[in-house]
Amino acid sequence: MQIYLLLVLCVLFWSANFVIGRFVAGEIEPIELAFFRWFGVFIITFPFLVLHVKKLWQTLRAHFGILIGLSFLGIACFNTLLYIGLQYTTATNALLINSSIPILILFFSFVILKKNITSMQVFGIILSTLGVIFLVLKGDWQTLLVLDFNRGDFWVIGSSLCWALYSVLVKFRPQHISSFEFFVTIVALGVIMLLPFYVAQGYTLEREWGVLKRYYGVIAYVVLFTSVLSYYMWHKGIAHLGADKTGQFTHLMPVFGSFLAY
């Protein structure tokens with residue numbers, strides 16, 4: 001029961017991140033928000049990183065490929081692509097696209113992990129996906145005929161693909177380090193990946209200080225709740241339930257997202 005509660009809280013925190021990303025669109029640029037988010041996490045976890053630097057460095061050398069890949073998908077790309085998409089797309093489109101994550105996880109589990117897909121799983125995913133679409137469309141199925149897809153939707157699709165693939169591949173992470181040690185490692189790698197893109201934007205110190213002063217609450221939230229706590233809860237769920245079952249909890253996002261947006 002505890003693991004289910006953690007996953008519900010995880011999705012609740014991520015739903016708020018979804019709303020926040022839309023709320024600050026145009027005020028904080030996607031690369032800015034993504035970099036502030038993960039650099040904030042890096043600052044918080046830096047003392048731990050220093051204390052265990054030798055062990056984590058040895059782990060990185062021995063498992064460089066999978067750690068780089070997971071960092072690229074789960075840290076550098078996932079939320080950055082989502083924040084970019086939220087600059088352009090509607091909430092309806094984004095929520096519909098996001099509801100595909102459980103299906104994508106099941107597909108990648110079948111292809112990569114050779115995990116059998118049962119008829120009950122297929123039925124459950126179809127049923128829950130239809131339920132999500134029904135909620136998003138407010139019961140009016142004809143809305144599907146007038147949906148206007150734009151470039152933002154493709155960024156959100158990319159974000160969903162990254163997270164689904166990450167959730168499956170995380171099974172191959174080094175098992176001799178703890179979940180927190182793993183998290184600290186991929187965060188450090190992700191910040192390094194994001195840094196060149198952030199610097200290339202040419203932001204001035206005056207602008208960045210103004211953004212931090214005005215949106216310190218937003219940045220604090222995405223650092224603590226949607227990053228540190230949510231990633232811990234999601235990995236806990238994958239470890240206990242598997243990626244396919246954990247992924248089903250993303251179908252709660254339209255419910256939480258609609259309430260929080262209101």
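## Terms and model

Buried means under 20% relative accessible area, exposed over 50%, and partly exposed in between, with a 1.4 Å probe and protein chains only. By that rule Arg207 is partly exposed, at 30% relative accessibility.

This is a predicted model, where local features need pLDDT of at least 70, side-chain atom pairs count only at pLDDT 80 or more, and totals for chains, interfaces and linings use all residues. Residues are numbered from 1 along each chain as its sequence is written, and side-chain values use heavy atoms, with hydrogens and water left out.

## Helix α4

Helices are DSSP runs (H or I, at least four residues), numbered from the N terminus. Helix α4 covers residues 64-85. Its 22 residues should span 32 Å at 1.5 Å a residue, and its end C-alpha atoms are 30 Å apart, which agrees. The expected span is 1.5 Å times one less than the number of residues.

α4 bends by about 40° at Cys77. The bend is the angle between axes fitted to the seven residues ending there and the seven starting there. Of the 22 residues in α4, 16 are buried.

## Salt bridges

A salt bridge puts a side-chain nitrogen of Lys or Arg within 4 Å of a carboxyl oxygen of Asp or Glu. The count is four.

One of them joins Arg207 and Glu32, with the closest N and O atoms 2.4 Å apart. Arg207 lies in helix α10 and Glu32 in helix α2, so the pair ties together parts 175 residues apart in sequence. Glu32 is buried, at 0%. Arg207 also meets Glu208, at 3.4 Å from N to O. Shared partners join Glu32, Arg207 and Glu208 into one network.

Terms used:
Helices (H or I, at least four residues) and strands (E, at least two) are DSSP runs, numbered from the N terminus.
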